[in-house]
Amino acid sequence: MLAGAASLTAAAPEPFRWGGDAEGGAPFVEADPRHPSVVRGMDVEIAELVAASLGKSARFVQVAFTSIDASVERGDFLLGLSGVEDLPARRAAHAVTVPYFEFREVLTVRSADRGRFRALSDLRGRRIGTLSGTLAYDILAAGRSAQGFELVSYDDDVHPYGDLAEGRLDGVLLDHIIAQRALRHVAGLTMQPEAAATGRYVGVLAKRDTALRDRIDAVLKGAMRDGTLESIFRRWNVWDDAQPKLFSRVLGEAAPAAPAPAPARPPASAAARVLAYLPALLRAALITLLLSCLAMALAVSAGVVLASGRIYGGRVVRTIFTLYVEVVRGTPVLLQLFVLYYGLSSVVRLPAFIAALLGLGLNYAAYESEIYRGALEAVSRPQLEAARTLGLSEWLILRLVRGPQAFRLALAPMTNDFVALLKDSSLVSVITVVELTKQTSIFAANVGSWVLPGALCAALYLLLSLPLSRLARFLERRWSAPS
Amino acid sequence: MTAGSLLEVRALRLVRGQRRILDGVDLTVHRGDICALMGLSGSGKTTILRAAVALEAFDGGAIAIDGFELGPGPVPPESRLKDLRRRAGMVFQQHALFEHLTALDNTTLAAVYAHGRGVTEARTRGLALLESLGVGARASAYPRELSGGEAQRVAIARALAVDPPLLLMDEPTASLDPARRGSLGEVLRGLARDGRGLLVTTHDAEFARTYADRVVVLAAGQVAEEGPAAEVLTNPQHPATKALLRA
């Protein structure tokens, strides 16, 4: 029996692991509506084609779109396929297949603006959204200072269109496939016919896997020749005139070298790259600092109100405040940010920074209130009674006796929370605020490595949090041991 | 109200759950008098003090403090107790000084914020009080830096900051060594000479005999025995007093 099981295991071919992001949806990779645990899409079919040609079965690995490169390099899977673009930085850092699909970068605007926002140059002073780590992002980043528009980066390609329809953005620049799909779901949008650029989808592999890459290139070229790719693309309604031209360009080339026309930028030295990114990182660090300070101020004020309400308030106030604290502490801050920014957008359209400030501040308020409540209750009862016998009102007792002492007790845990908040502020990138971590991941995607950007980012966070800890220690010393 | 009486407790009844903590207590403190309130632990001494400064509601009887009347039922809101606060000061057993304020600030806080005195006036009076109680040199010390005896004097100064005629003290001798008890006794004498009335709970019969004018002994929530200190404590009649003297 055991031997049988062992031989079965040995006989089963090792699966071909490939990675993609099912959040990207059709036509790339999407969860099958009938079997949500199964994925389907044009990239899924290409992966299955590759696996079959290698004599293996395909196994899908879910990975966030922006992490595909890093994930393939660390060996989570062999091939990344999910509308992965052919970018110079990607070519420099990873092994990349021949391109298998050509897309156009198109500008989508609200139908009402169709006449006045025809191209990026018409959007001076306006906000244009896109998915970070893409060709569209690079185009916008390169053009924003010359053309004077504001770049808003997203972690997904669905929310930019929703925000466009709601007026948070004035344009979205993305692949025409993504734009076409969005137009089917979001009303009132128009795709401008003029393409801002063209790009190509490729498969990405770890830099060391060039041999496998060459085998996959052969599979892809075969599929271009025998019409397999065409039938896949037709099935997913993305076949157009550009594809046969791309195929003949790819097949006409002798070597599987980069067919991308993108002129390879001169490889910048590490120092030059850091210098180039430093201003953006410092600006992002400033946003992180500003957001954290304002959110903490909100958390402290709201926390004081919650704590006082729970101690001094009537039954109704106590119940409501307790409920608030439990709900906020019991649900992820990420979810709260999503609800505030996207969920409530039909009722109140908060700007991203305000939503981030409210989300973090109101979330931390729940934690602060528990610290204050504990600290207020730690002030000895006889002191409060003594204050009453001296004729001080409840309010004066809170202000002059209980509050000041509780504040000292709360200072250390508060500082702790402030440092935690500083780091949690990185979560707000999900609602398009580009703070330090987000800027770093954009930087990392661009240079194709996390080493230098990661180290810089860590150094900046430390630079922000260490003074805080020092300040807290100073305040504690000053207030707890009066001279 | 009897002429010259600062505190008059009449038929005071206080029930908590099934327990009758006070069951018809009558008690009077006159101007210039030190009255020692004695009794074994749990006899209700502290409860009488707390009821007299409206920290504790009571169920029957009445309390009058220099003309300010407290009746049974819930403790009135602080806004209606302003006059009481000017008439009665309380010194708690563990002093209960405000830990974050200096000795001087402890004495001036209520005068300035609750009774509308000017800061300079309050500080002058606070310093004078601390001086008169022998802790003037400790004016800028924080409670944690004070010895037990010093903290107690600061607490007395705090209670006297708005010059109440009646001073209630809960077990002031409990944490003092014999020498300091003597000097506390002298301080209390001085306060009584100034025309104040003092109601002092204590376990210390020797202290009561030496410094109190009158003694009230409580047992099972009632007054067991009362009279001039020397008389009651030298020639006790009630078993409770005898037990107290043996303790």
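Chain A contains 18 helices and 12 strands, where helices (H or I, at least four residues) and strands (E, at least two) are DSSP runs numbered from the N terminus. In chain B, the secondary structure amounts to nine helices and 10 strands. The structure is a predicted model, in which local features need pLDDT of at least 70 and side-chain atom pairs count only at pLDDT 80 or more, while totals for chains, interfaces and linings use all residues. Residues are numbered from 1 along each chain as its sequence is written, and chains are lettered from A and ligands numbered from 1 in the order in which they are written.

## The two chains

A residue is buried if 20 or more other C-beta atoms lie within 10 Å of its own, exposed if 12 or fewer, and partly exposed in between, with C-beta atoms placed from the backbone. Two residues are in contact if their C-beta atoms, placed in that way, lie within 7 Å.

| Property | Chain A | Chain B |
|---|---|---|
| Box filled by C-alpha atoms, along the principal axes | Chain A: roughly 95 × 75 × 50 Å | Chain B: roughly 50 × 40 × 35 Å |
| Residues that count as buried | Chain A: 43% of 483 residues | Chain B: 50% of 247 residues |

## Strands of chain A

Strand S1 (residues 16-20) of chain A is mostly covered, with four of its five residues buried. S1(A) pairs in the parallel sense with strand S4 (residues 58-62) of chain A over five bridges; two strands pair if DSSP finds at least two bridges between them. S1(A) is also joined by two bridges to strand S5 (residues 79-80) of chain A, and these two run parallel. Trp18(A) takes part in both pairings: Phe60(A) in S4(A) stands opposite Trp18(A), and Leu79(A) is its bridge partner in S5(A).

## A sheet in chain B

Chain B has an open sheet of four strands in the order S2-S1-S4-S5, with antiparallel pairing. Strand S2 (19-30) and strand S5 (68-70) of chain B are the edge strands, each pairing on one side only. From one strand to the next, the twist averages 15°. Axes are lines fitted to C-alpha atoms, for helices over the stretch in contact, and angles run from 0 to 180 degrees between N-to-C directions.

Strand S4 (residues 60-65) of chain B is joined to S5(B) by three bridges in the antiparallel sense. Within S5(B), Glu69(B) is the residue opposite Ala64(B). Helix H1 (residues 45-52) of chain B lies across S1, S2 and S4 of chain B and runs at about 115° to S1(B).

Ala11(B) has a phi near 50°, a positive value in a residue other than glycine. Its place is in strand S1 (residues 5-16) of chain B, and Ala11(B) counts as exposed because it has 12 C-beta neighbours inside 10 Å. For Ala220(B), phi is likewise near 50°. Ala220(B) is found in the loop between strand S9 (214-219) and strand S10 (222-228) of chain B. With 15 other C-beta atoms within 10 Å, Ala220(B) is partly exposed.

## Nonpolar cores

A nonpolar core is a set of buried Ala, Val, Leu, Ile, Met, Phe, Trp, Tyr and Cys residues joined through C-beta atoms within 7 Å. The largest has 91 residues, and Ala36(B), Ile48(B), Ala52(B), Leu168(B), Leu198(B) and Val215(B) have the most contacts inside it. Helix H5 (residues 148-159) of chain B gives the most to this core, with six residues. Leaving aside residues up to four places away in sequence, Ala36(B) touches Val200(B), Thr202(B), Ala208(B), Ala212(B), Val215(B) and Ala229(B). A second, separate core of 71 residues includes Val98(A), Leu120(A), Ile177(A) and Leu189(A).

## Contact between the chains

The contact takes 19 residues from chain A and 18 residues from chain B. On the side of chain B that touches chain A, helix H2 (82-87) and helix H3 (103-113) of chain B each supply at least two residues. H3(B) gives the most to that side, with three residues. By class, that side of chain B has 11 nonpolar, three polar and four charged residues. Here Ala, Val, Leu, Ile, Met, Phe, Trp, Tyr, Cys and Pro count as nonpolar, Asp, Glu, Lys and Arg as charged, and the others, Gly among them, as polar.
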